[in-house]
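Please consult the sequence and the model while reading the points below.

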Amino acid sequence: MTTTIIFSVVLLAVLGILIGILLGVAGKFFAVETDERVVQVRECLPGNNCGGCGFPGCDGLAEAIVAGTAEVNGCPVGGAPVASKIGEILGVDAGAAVRKVAYVKCAGTCEAASNKYNYIGEQDCRRAVMVPGRGDKACSYGCLGLGSCVAACQFDALSIKDGIAVVDREKCVACGKCVQTCPNNVISLVPYDAPYVVQCNSKDKGKDVMSVCKAGCIGCGLCVKQCEFGAVTLENNIAVIDGEKCQGCGKCAEKCPKKIIQAIG
């Protein structure tokens, strides 16, 4: 019995050693070489893994940057400082990273927007739009104010005030999670220093807009006529501002009868 036990122990020990040797050889044989620059770039990234860059987390972005399929300034959270560090590692110009922030294209507060009914259900915009009528607000394009974007934001940059989402510009890192979450596409990313934006998302004609919201764009075209630089146009019954053409004169905002062209820069 004793001999059998000793033999079993020795056999297991020998097998363990052999397996260890085989695993070590296999590890070296099948090892995938990692570009040291990927590791260095990854260390520069903030590690939020928010996906705002369009890649699967910071690891995916680091690999893409080194491979040349993503820009050096591709991290919206890290911004220019991180882009500069990565540029030094790769020996390239980081480029001018334009800071962006989320913007809520809706002025339909509790006072301004009317409701079709009282919604009683899960406080989630994505759930509410599945209810007939796409939620309780009479405007089917507006902010539902149930806070799905707030829950999606990792940086505490969003809150619900007076029935609509509000962005804290200083906390926002433009990761885009709120944009992806909003079922009505009310939130978009705009340059931090954008002079003017249109605070409405409705595509309805003026008469229909006025019947459901006091603060909606009625597509009157006065802003278009006032702009001397061709920066304002009407698309789908709503004013659209071309940020590259806009000179920030403010004439469009002054003439807007609904006061939904706002200065945010």
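N48 lies in the loop between α2 and α3, where helices (H or I, at least four residues) and strands (E, at least two) are DSSP runs numbered from the N terminus. The model is a predicted one, in which local features need pLDDT of at least 70 and side-chain atom pairs count only at pLDDT 80 or more, while totals for chains, interfaces and linings use all residues. Residues are numbered from 1 along each chain as its sequence is written, and side-chain values use heavy atoms, with hydrogens and water left out.

- N48 counts as partly exposed, at 28% relative accessibility; buried means under 20% relative accessible area, exposed over 50%, and partly exposed in between (1.4 Å probe, protein chains only).
- Apart from neighbours within four places in sequence, N48 is in contact with C58, V77, Q154 and F155, contact meaning heavy atoms within 4.5 Å.
- N48 and C58 are ten residues apart along the chain, and their C-alpha atoms are separated by 7.3 Å.

**Helix α2**

- Helix α2 spans residues 36-44, and V38, V41 and C44 in it are buried.
- These residues lie on the same side of α2 because they cover an arc of only 120 degrees around the axis, the arc being that of the directions from the helix axis to the C-beta atoms.
- The buried residues of α2 pack against α3 (57-67) and α4 (79-90).
- The exposed residues E36 and E43 are carried by the face of α2 turned away from its buried side.

**Cysteines**

- A disulfide is a covalent bond between the sulfur atoms of two cysteines.
- Zero disulfides are found in a search of the whole structure, which counts a pair of cysteine sulfur atoms within 2.5 Å.
- For C110, the closest cysteine sulfur is in C143, 9.9 Å away and too far for a bond; C110 is exposed, with a relative accessible area of 54%.
- For C227, the closest cysteine sulfur is in C249, 6.0 Å away and also too far for a bond; C227 counts as buried, at 16% relative accessibility.

**A nonpolar surface patch**

- L12, V14, L15, I17, L18, I19, I21 and L23 form a nonpolar patch on the surface, with about 780 Å² of accessible area together (Shrake-Rupley method, 1.4 Å probe; for residues, only the protein chains shown count as cover).
- Patches are made of residues with over 30% relative accessible area and no salt bridge, with like charges joined within 9 Å and nonpolar side chains (Val, Leu, Ile, Met, Phe, Trp, Tyr) within 5 Å; a salt bridge is a side-chain nitrogen of Lys or Arg within 4 Å of a carboxyl oxygen of Asp or Glu.
- L23 is found in helix α1 (residues 2-29) and counts as exposed, at 60% relative accessibility.
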